[in-house]
Amino acid sequence: MILQALYDYYQRKSASPESALAPAGFEYKEIPFILEVTADGKLVQIEDTRSGDGKKKRAKSERVPQGVKKTSGVAANLLWDNAEYVLGIDTKGKPERVKEQQAAFAERVRQLNLAEQDEGIAAVLAFLESLDTEVLQQQPQWEEIATTNPNLSFRLQGQLHLVCQSRKVQATLMNAASDDSAKATCLLTGEQAEIERLHPSIKNVWGAQSSGANIISFNLDAFRSYGKSQSFNAPVSKEAAFAYTTALNHLLSKDSIQRMQVGDASTVFWAEKEHPLEDDFSALWGAADNKKDDPDRNVHAVKALYKAVEEYGRTPSLGEETRFFILGLAPNAARISIRFWHVGTVREVSQRIVEHFDLLKIERSERDAEFLPLWLLLRSIALLGKTENVPPNLAGDVIRCILEGLPYPQTLLASAVRRIRAEQEVTYPRAALIKAYLNRFNPTENLTVSLDLANMNVGYRLGRLFAVLEKIQEEAQPGINATIRDRYYGAASATPVTVFSTLLKLKNHHLSKMDNKGRVSNLEKLLGEIMAGIADFPAHLNLPDQGRFAIGYYHQRQDFFKKRETKDSNQGDSE
């Protein structure tokens, strides 16, 4: 299903005249340096295609013949490769191997049999046969090429295209003879075709090998069926293998707007046919928040999605049954594992995302983000707030639960509660996560956006009580560096009976220090209202009730801030 969807995506994109996908037998590759040669094989110059400064330099991507699968042996690409193959530069202290590599590179060019028909091929062969190292060493780029071993290709003097991009080279590659002995029924097209023995590598998966890795690969006896080795027990034709790998590499490219990082999963997404959701999907999760040209793209995208879902039935934007695909890939040694795979219609995906943001809604300050990005939610429950400390499977599980409308993983609640206890701080993202988890886990829960005076859950009530006790201490001792939260939050939220009697006695001491007796009366009245819903202090609160404790504490604190802001604004008006 995954390969079929990618194959269909390639067919759709390659049919577009503005397509950035390479034709069959070719791929786009960054070529930092181009050797410009004359018709008789003399070097004119070495062109540096890179732009930018320092480490941010990016080479220009050129359409070149599809690269071979690099192994421990010698395998040369056609008309482009690294400096060891093209120029015979020994960068690893293996001169004999470099000679084999350069000979293999020249032999591949000869095997085209185009020297008499294509002057570019003749020029390249002449250059390789009379390679002049002294001339190369005089070029300003020589030292960098000799030390970094970059990719190189050729251009004939007076032409704009590379030698490997000529029509005759392209026609020769497309009409290359196939091996009849390797033919079988392709699983994607259903046609008899030559089967691809080693599928092209998938690149730009975060954490995977920089040279690329594979989704399909069988190289041990345990993986073989009926004696079929390598990829012959999952037969995919050369044409189909090229299509699905080209499509996936296009989606995973660094400049792609159809990819985002979800934990350790490099996530790509596309629609069955062209749809605006392809452009906005990453912004919905906040993956584009760091774009300087439009820092509010996340907010605009989510609001537009809300409007589309709200108007469904009156507008056709979500009425169509266009399928939408989401694929999460994670590194696994030399292979790539499928972290998650979701297929749904545009309408279903849109509604699920809106439901997710509805669940996250909770009281917040004006400076907090209205729609919390997924990466911010996950970082809020990670050690030291670092993305790399998010549990590997958690991000993928969360996005899968969102898209399928399932309860969030229990790890999410446990991580949020653990991080709150460790740092003694119930932040906006953590409170939003806990509220979303509890409401999704139990639809009858109905934790509200703001303070709920009618909520009689003991965990929620104790959280409110703790917030009031902290507020009393803060008003009794203005400017205090550490409150009861720093010392008692963990015990109060897990084993209330051990600390609340002490805190209530401490409260009397703090109230006696306050000069405003009206304020004292109001706080005591609030304490009485909360205590009326608590029969006794439980010996232990389970994990969900510890989550409710955090929500009760957060709601009560936000209510205090709201009242203060209202009071301050009224005083400003009177002045």
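How many bridges pair strand S11 with S12, and in which sense? Strand S11 (residues 323-332) pairs with S12 over 10 bridges, in the antiparallel sense. Here, two strands pair if DSSP finds at least two bridges between them, and helices (H or I, at least four residues) and strands (E, at least two) are DSSP runs, numbered from the N terminus.

A quick word on the model: it's predicted, so local features need pLDDT of at least 70 and side-chain atom pairs count only at pLDDT 80 or more, while totals for chains, interfaces and linings use all residues. Residues are numbered from 1 along each chain as its sequence is written, and side-chain values use heavy atoms, with hydrogens and water left out.

**The antiparallel sheet**

- S11 and S12 belong to an open sheet of four strands, ordered S9-S10-S11-S12, with antiparallel pairing.
- At the edges sit strand S9 (259-262) and strand S12 (335-345), each pairing on one side only.
- On average, neighbouring strands here are turned by 25° against each other, direction ignored; axes are lines fitted to C-alpha atoms, for helices over the stretch in contact, and angles run from 0 to 180 degrees between N-to-C directions.
- Phe324 has Gly344 in S12 as its bridge partner.
- Helix H1 (residues 2-14) lies across strand S10 (265-271), S11 and S12, and runs at about 55° to S10.
- Helix H13 (residues 394-404) packs on this sheet too, touching S9, S11 and S12 (contact means heavy atoms within 4.5 Å). The direction of H13 makes about 15° with that of S12.

- Not counting residues up to four places away in sequence, Thr267 touches several residues, among them Met260, Ile326 and Phe340.
- A polar atom of the Thr267 side chain lies 3.3 Å from the backbone oxygen of Ala265.
- Thr267 and Leu251 are 16 residues apart in sequence, and 9.1 Å apart in space, C-alpha to C-alpha.

**Helices H1 and H8**

- H1 packs with helix H8 (residues 238-252) at an angle of about 80°, their axes 8 Å apart.
- That makes H1 roughly perpendicular to H8, a label for angles of 65 to 115 degrees.
- Residues of H1 in this contact include Leu3, Tyr7 and Gln11, and those of H8 include Phe242, His250 and Leu251.

**Helix H9**

- Helix H9 (residues 277-284) is mostly covered, with six of its eight residues buried.
- Those buried in H9 are Leu277, Glu278, Phe281, Ser282, Ala283 and Leu284.
- Their cover includes H1, S9, S10, helix H10 (297-310), S11 and helix H11 (346-360).
- After H9 comes Gly286, with a positive phi near 85°.

**The mixed sheet**

- Another open sheet has four strands in the order S3-S2-S6-S5, with mixed pairing.
- Strand S3 (43-48) and strand S5 (80-82) are its edge strands.
- Strand S2 (residues 33-37) pairs with strand S6 (residues 151-156) in the parallel sense over five bridges, and Ile34 stands opposite Ser153 in S6.
- Helix H4 (residues 119-129) lies across S2, S3 and S6, at about 125° to S6.

**Gln556 in helix H20**

- Gln556 lies in helix H20 (residues 543-574) and counts as buried because its relative accessibility is 1%.
- Leaving aside neighbours within four places in sequence, its contacts include Leu451, Arg464 and Ile530.

Key:
Buried means under 20% relative accessible area, exposed over 50%, partly exposed in between (1.4 Å probe, protein chains only). Angles under 35 degrees count as roughly parallel, over 145 as roughly antiparallel, 65 to 115 as roughly perpendicular and the rest as oblique. A polar contact is a pair of N or O atoms within 3.5 Å; within protein, one must be able to donate a hydrogen and the other to accept it, and residues adjacent in sequence count only if both atoms are side-chain atoms.
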